[in-house]
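Please look through the model below with the sequence at hand.

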Amino acid sequence: MADSNDSIPLDTEKIYFGGKEHHVRTRCGSLSVIVYGDQHKPALITYPDLALNHVSCFQGLFFCPEAASLLLHNFCIYHISPPGHEFPFWHFHKFLQLGAAPICPSASARCVDDLADQILEVLNFFGLGAVMCMGVTAGAYILTLFAMKYKKRVIGLILISPLFRAPSWIEWFYNKVMSNLLYFYGMCGLLKELLLQRYFSKQEVCGNTEIPESDIVQACRRLLDERHGSNVMQFLQAINGRPDLTSGLKRLGCRTLIFVGDSSPFHSEALHMTSKLDRRFSALVEVQACGSMVTEEQPHAMLIPMEYFFMGYGLYRPCHLSDSPRSHLSPSCISPELLSPESSGLNLKPIKIRVSHYT
């Protein structure tokens, strides 16, 4: 456990809209953790996908007013960035360059187990007990592995387009191509296109003269420019060498809520993971016309399933808000299984929700 001398807290409340950054030193290097909210509340930790951080991966969800009222009312949020993926300060101040510099390979996490162990060190540093976890794709894998290794430290998992098996030959080859691009060319145009196709549905990425590329894709493309290729490559290599977690899924000691876009390249992976989980404690929400990053592409689709998921923990929104006109879900279109009394206790049913694409 790190002591107070191992932290380099930076007062960044204005920069992070009420959040504060801490650099927590671990045995595998320093991690950036952005803390939002009252630290006396239960903790929710987030972990993003490859080449992303909390701004590029979770901003859409936390900027959704209904989701913000649900999450920030009940939790203190701890956004953990993978090594070298933190948000650069010079984005806000051209003279203050405290961003994600290239990390030294000898002092960084070499494998997924190292990344999971870093999360334990972060929890110990902040004096946290059992936490709620939210991760996207590669981040979902890291948090699932963490939940298996340290069962008493996780009360629930919210996984978005998760990975859990070892890479298929196709994914392994695809990742090798990206590794080579990163090694020789850094964050080049082709590499960014491959990453955007990993994150978003085709209708979001493939703009044309009549329907331009969406704002969220353009924003993500700009944020990818701020990544150091060597940092992304180290995370990618760790994920590409990940072991299969199938045998441990039935023994997960927490409830699990899975979201996946039906246009995600990891759609079948999420469905297969759901089939391997204990059906008494897991639920699936499938979002139509959406890619992997539901948190950015269709964050409103997550609201009502999360509300009912949190009811099992005695958590709720501070006040009843009418259904948002932007929301993809309303109580009338939720599966009856999710609305059943059992779903508010320990018996979440596996569900499948299709929601129309927001226009």
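Thr144 sits in helix 4, residues 138-149. Helices (H or I, at least four residues) and strands (E, at least two) are DSSP runs, numbered from the N terminus. The model is a predicted one, in which local features need pLDDT of at least 70 and side-chain atom pairs count only at pLDDT 80 or more, while totals for chains, interfaces and linings use all residues. Residues are numbered from 1 along each chain as its sequence is written, and side-chain values use heavy atoms, with hydrogens and water left out.

Is Thr144 buried or exposed? Thr144 has a relative accessible area of 0%, so it is buried (under 20% relative accessible area; exposed is over 50% and partly exposed in between, with a 1.4 Å probe and protein chains only). Leaving aside residues up to four places away in sequence, Thr144 touches Leu157, Leu159, Leu245, Leu249, Leu252 and Met273. Contact here means heavy atoms within 4.5 Å.

Helix 4 also packs against helix 3 (residues 112-126), at an angle of about 70° and with the axes 9 Å apart. This angle makes helix 3 roughly perpendicular to helix 4, a class that covers 65 to 115 degrees, with under 35 counted as roughly parallel, over 145 as roughly antiparallel and the rest as oblique. Axes are lines fitted to C-alpha atoms, for helices over the stretch in contact, and angles run from 0 to 180 degrees between N-to-C directions. From helix 3, the residues that meet helix 4 include Leu115, Ile119 and Leu123, and among those on the helix 4 side are Ile142, Leu145 and Phe146. By class, this contact has 11 nonpolar, no polar and 3 charged residues. Ala, Val, Leu, Ile, Met, Phe, Trp, Tyr, Cys and Pro count as nonpolar, Asp, Glu, Lys and Arg as charged, and the others, Gly among them, as polar.

Strand 5 (residues 131-136) has 6 of its 6 residues buried. Val131, Cys133 and Gly135 cover one side, and Met132, Met134 and Val136 the other. Strand 5 pairs in the parallel sense with strand 3 (residues 43-47) over 4 bridges, and 6 bridges join strand 5 to strand 6 (residues 154-160), also running parallel. Met134 is the bridge partner of Thr46, and Ile158 in strand 6 is the bridge partner of Met134.

Methods: Pairing = 2+ DSSP bridges.
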